[in-house]
Amino acid sequence: MSGGLIALCVIAVLILLVLLSPAKIRVRYSGTFAAWGGLGFIMIKVWPLKIKKISPEEKAKAAEEYRAKAARRAAKKAAQKPSKPKPPPPKLTVEQIVDLIGAGKTILGKVVRAIKVNELRLHAVISCNNAATTAIAYGSAAAAISSIMPIIEPGVSRRNTDIFIEAGFDREGELTFDVTLGACLLVFLVAVIKILLAYLKVRKPHEKTPKKQEPEAAKAQ
C-alpha cells in the first residue's frame, strides 16, 4: 500500500470514530448556571465564559482598526461596478410549508428519541409563604416528576439518576440540578442531511405535464 492510501485510510477511520462518538451537553445549577459541551471524554466549559479584561488603550486601538477596515471596505465597494440585483427566490406555498413541517417533525422526533440522559441529579426543597401552600406546591412538583419520568425513563441511566424533592416547611427553598445529555454525532449529521434533502424536495417546483395536442387532421374529422 502506498503512503497516500494509508493516510486516506487513517483519515477515514478518524472521521468514523468522531461520527460514532457521543456528543454531550452538561448543564448544572447550584446558585449559578454552568454548562459544558464536548465529544466523547473531552468536555469544554462554555458557560460562564471567561472574559478577558481589556485596557482602555487596547479598546481605543481596536476601535481605530475597526474604523480603518470599515473605510477600506466602503472604498472597495464604491470602486466596484454596480451589479444587477438578483431576483428574490420564490416564496414557499402553504402546502410546501406544511410538507416541510411534517418532514421536520418526523426527523426531529427520531433525533429526540436518540438522545440519552447520561446523568440526572435533581435536589429541590419546596418552600412557600405558609404550610398549606407549601404542601400544595410539593404535591404538584411530585406529581409532575411522576408524570415525566415514565416518558423519559427509556433514555435515562438509572445508575446515574438521583431525584430528591422535599417540602421545606421550616426552611427556605433550594434547587440544584446536574443534567448530562448525549447522543451519537452521526445521528445529528444524518438529521441535518435529511432536513436539507426534504427542503430541496419541497423547493423543487411541481412540474406540470403539458397536455397532448391533438393533430389538426383529427380535429377536422
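Entry 1: Does Pro154 count as buried or exposed? I found that Pro154 counts as exposed because its relative accessibility is 67%; exposed means over 50% relative accessible area, buried under 20%, and partly exposed in between, with a 1.4 Å probe and protein chains only. Pro154 sits in the loop between helix H4 (131-152) and strand S5 (161-167). Helices (H or I, at least four residues) and strands (E, at least two) are DSSP runs, numbered from the N terminus. I also checked Pro154 against Tyr66: the two are 88 residues apart in sequence, and their C-alpha atoms are 52 Å apart in space.

**Entry 2: ground rules.** I noted that this is a predicted model, in which local features need pLDDT of at least 70 and side-chain atom pairs count only at pLDDT 80 or more, while totals for chains, interfaces and linings use all residues. Residues are numbered from 1 along each chain as its sequence is written, and side-chain values use heavy atoms, with hydrogens and water left out.

**Entry 3: the whole chain.** I counted up the elements and got six helices and six strands in the protein chain. Their order along the sequence is α-β-β-β-α-α-β-α-β-β-α-α. The radius of gyration of the protein chain is 29 Å, whereas a compact globule of 221 residues would have one near 17 Å. That radius is taken over C-alpha atoms, and the globule rule is 2.2 Å times the number of residues to the power 0.38. Along the principal axes, the C-alpha atoms fill a box of roughly 95 × 70 × 60 Å.

Buried residues account for 12% of the 221 residues. I put the accessible surface of the protein chain at about 18,300 Å², with 66% of it belonging to carbon and sulfur atoms; the areas come from the Shrake-Rupley method with a 1.4 Å probe, and for residues only the protein chains shown count as cover. Of the contacts (heavy atoms within 4.5 Å) between residues at least 6 apart in sequence, 72% join residues at least 24 apart.

**Entry 4: strand S6.** I went to Asp178, which lies in strand S6 (residues 174-184). Why does Asp178 count as buried? Asp178 is buried because its relative accessible area is 10%. The side chains of Asp178 and Arg26 are joined by a polar contact of 2.7 Å. A polar contact is a pair of N or O atoms within 3.5 Å; within protein, one must be able to donate a hydrogen and the other to accept it, and residues adjacent in sequence count only if both atoms are side-chain atoms. Setting aside neighbours within four places in sequence, I listed Arg26, Val27, Arg28, Glu119, Leu120 and Arg121 as the contacts of Asp178.

Thr180 lies in strand S6 too. Thr180 counts as buried, with 8% relative accessibility. Which residues does Thr180 touch, not counting those up to four places away in sequence? My list for Thr180 reads Ile25, Arg26, Lys116, Val117, Asn118 and Glu119.

**Entry 5: the loop between S5 and S6.** Arg171 is found in this loop and counts as partly exposed, at 41% relative accessibility. I saw a polar contact of 2.4 Å between the side chains of Arg171 and Glu166. Beyond residues up to four places away in sequence, Arg171 touches Val125, Ser127 and Glu166. From Arg171 to Ile126 I read 9.2 Å, C-alpha to C-alpha, across 45 residues of sequence.

**Entry 6: two helix residues.** Ala131 has its place in helix H4 and counts as partly exposed, at 49% relative accessibility. Between Ala131 and Leu175 there are 19 Å in space, C-alpha to C-alpha, and the pair is 44 residues apart in sequence. Gly102 lies in helix H3 (residues 94-114) and is partly exposed, with a relative accessible area of 32%. How far apart in space are Gly102 and Lys91, and what is their separation in sequence? I noted 18 Å, C-alpha to C-alpha, for Gly102 and Lys91, which are 11 residues apart in sequence.
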